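Reader: I am new to this structure and would like to know what stands behind the words used for it. Could you take me through some of them?

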Amino acid sequence: MGDLKAFLSIPRQEAGYRPIHERINDYSEVEQTLNSGERKLQASRCMDCGVPFCHWACPLGNRPPEFQDALWKGEWRKAYDILSLTNDFPEFTGRICPALCEKACVLKLTFDSPVTIRENEAAIIEAAFREGYITPKKYERNGKRVAVIGSGPAGLAAANQLNRRGYDVTIFEREEQAGGLLRYGIPNFKLGKNIIDRRLHIMQEEGIHFVLNSEIELEHLPDGFDAYAICTGTPQARDLSIPGRILKGIHFAMEMLSQQNRVLAGHSFKEEERITAKGKNVLVIGGGDTGSDCIGTAHRQGAASITQIEIMPKPPVGCNPATPWPQWPLVLKTSSSHEEGCIRRWSLNSNRFIGEKGRVTGVEVEEVEWLPANENERPIMKPTGRKEVIKADLVLLAMGFLRPQLPQLPSNAVVAGDAATGPSLVVKCIAAGRQAAESIEKMLAKQSVRP
């Protein structure tokens with residue numbers, strides 16, 4: 001490393017977000033960037049630990065100390081080469097990854113001021129595109145064909161790796177554009193869709209085929225392929241089956257998020273189909289990232305008020321002894337959307353939806369207490385009897401997704417990403433896609449050497 005003591009004199013500097021009054025009026029990415037000089041200084045803070053827990057924590061096995069050193073020295077091409085060895089799409093993870101690496105950084109433990117690994121990663125890949133390091137390549141074909149079902153992060157990573165190994169790859173996508181969760185589940189203010197299109201263009205130029213608007217039944221996979229990568233994600237959202245669920249104005253979070261992304265892409269919807277928070281009192285049920293995305297979207301649509309409730313208790317602030325370093329800390333998270341304003345409440349269970357003339361007007365909630373769990377059991381939820389009604393004209397259910405139940409698949413099919421594990425992180429799905437490609441290659445290699 002260039003300066004092993006830089007962390008003592010150079011404080012952590014995040015690029016931060018655009019001003020709230022500016023960003024809530026558009027759907028452009030909220031995160032700002034540092035100039036190259038400041039970015040190099042941030043990279044210099046990496047002290048090249050004897051045991052790089054950042055590497056240990058990354059599902060992709062990224063090598064932060066190595067690409068930070070190259071970045072600090074101004075060797076941007078080398079930094080990109082190191083980063084791209086383990087990560088197919090740093091432009092995605094550099095924007096939306098929760099940065100497990102940073103939570104495992106030794107400087108997180110000692111100073112609560114980890115290296116800005118995620119932002120540095122984003123800076124490296126953007127420099128690579130800007131400077132022309134990334135150009136389409138041609139790969140020698142091995143005569144075998146692989147179908148990838150689903151074009152989310154797992155499917156794209158599997159396809160990218162298989163294509164580089166010489167396979168003729170076709171991606172089947174049921175929607176009108178490729179990208180899966182990246183395109184239809186993540187708001188533009190976190191991930192601009194031009195970023196996805198830029199990568200897809202390169203993949204197409206490198207020989208990957210995309211078949212869009214193609215609903216594939218897993219019981220009847222397309223013929224003519226030597227292997228299949230099943231990367232269909234977790235399409236089924238968790239529902240809330242309580243009285244009043246049939247009232248109008250109650251939607252799954254992804255219904256709103258995907259529709260808004262389509263609107264920004266130029267699609268139009270009839271007035272009765274449009275899900276909008278304009279002028280409405282919005283209630284988001286669910287305290288995770290999807291709920292946060294709903295809050296940011298509702299602000300941009302012009303909501304009158306926004307409340308987010310969560311059935312679990314409020315997480316600790318800053319530090320949680322139950323999840324010590326270098327584990328991922330289960331602590332209170334305040335996103336850019338939360339900063340834009342909303343009421344946040346915890347330990348509230350939803351009892352019933354209330355409505356008038358067929359439309360939702362509120363939700364009856366009840367405070368709950370969580371009793372400590374016995375060994376190998378889940379905590380016990382205890383209703384308190386303290387009830388109230390939260391006014392709501394629009395209710396968004398953001399309570400996670402169900403692990404899909406897959407049919408019996410042929411022996412030459414590999415399942416990857418959320419389709420295999422249930423809902424997960426984009427970075428984990430990319431890692432799973434890479435592993436699926438490796439598994440397919442090993443499987444086909446064994447078949448080719450059979451007597």
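Author: Gladly; the talk below covers some cavities, a helix and a pair of strands in this predicted model.

Reader: What makes a space a cavity here, and how many cavities of 30 Å³ or more are there?

Author: A space is called a cavity when a 1.4 Å probe fits in it but cannot get out. Counting those of 30 Å³ or more gives four cavities. The largest cavity holds about 110 Å³ of space. Its lining has 15 residues, and the closest to its centre are C46, C49, C54, C105 and V115.

Reader: Which helices supply at least two residues each to the lining of the largest cavity?

Author: They are α4 (53-57), α5 (64-72) and α9 (106-111). With three residues, α5 gives the most.

Reader: What lines the second largest cavity?

Author: This cavity has a volume of about 90 Å³. Its lining includes C58, P59, N62, R118, E121 and V427. Both α8 (100-103) and α10 (117-130) give two or more residues to that lining. By class, seven residues of the lining are nonpolar, two polar and two charged.

Reader: Now the helix α15: what makes its length close to the expected one?

Author: Helix α15 covers residues 289-301, which is 13 residues. At 1.5 Å a residue, 18 Å is expected, and the helix reaches 18 Å from its first C-alpha to its last. Just after α15, G302 has a positive phi of about 95°.

Reader: Why is α15 called mostly covered?

Author: A residue is called buried when its relative accessible area is under 20%. In α15, 12 of the 13 residues are buried, so the helix is mostly covered. Among the buried ones are D293, H299 and R300. The cover includes α14 (253-264), β6 (281-285) and β7 (305-309).

Reader: And why is β7 described as largely enclosed?

Author: Because four of its five residues are buried, β7 is largely enclosed by the rest of the structure.

Reader: How do you know that β6 and β7 pair?

Author: Pairing takes at least two bridges between two strands. Five bridges join β6 to β7, so the two strands pair, and they run parallel. Within this pair, N281 stands opposite S305 in β7.

Definitions and conventions. Residues numbered from 1 in each chain as written. Predicted model: local features only at pLDDT ≥ 70, side-chain atom pairs only at ≥ 80, totals over all residues. Heavy atoms only, no water. 1 Å grid on protein atoms, 1.4 Å probe; cavity = no way out; pocket = protein on both sides within 12 Å on 5 of 7 lines; lining within 4 Å. Points joined across faces, edges and corners; volume = space filled by probe spheres on them. Nonpolar A, V, L, I, M, F, W, Y, C, P; charged D, E, K, R; others polar. Expected span 1.5 Å × (residues − 1). Buried < 20%, exposed > 50% of the residue type's maximum accessible area, 1.4 Å probe, protein only. Contact = heavy atoms within 4.5 Å.
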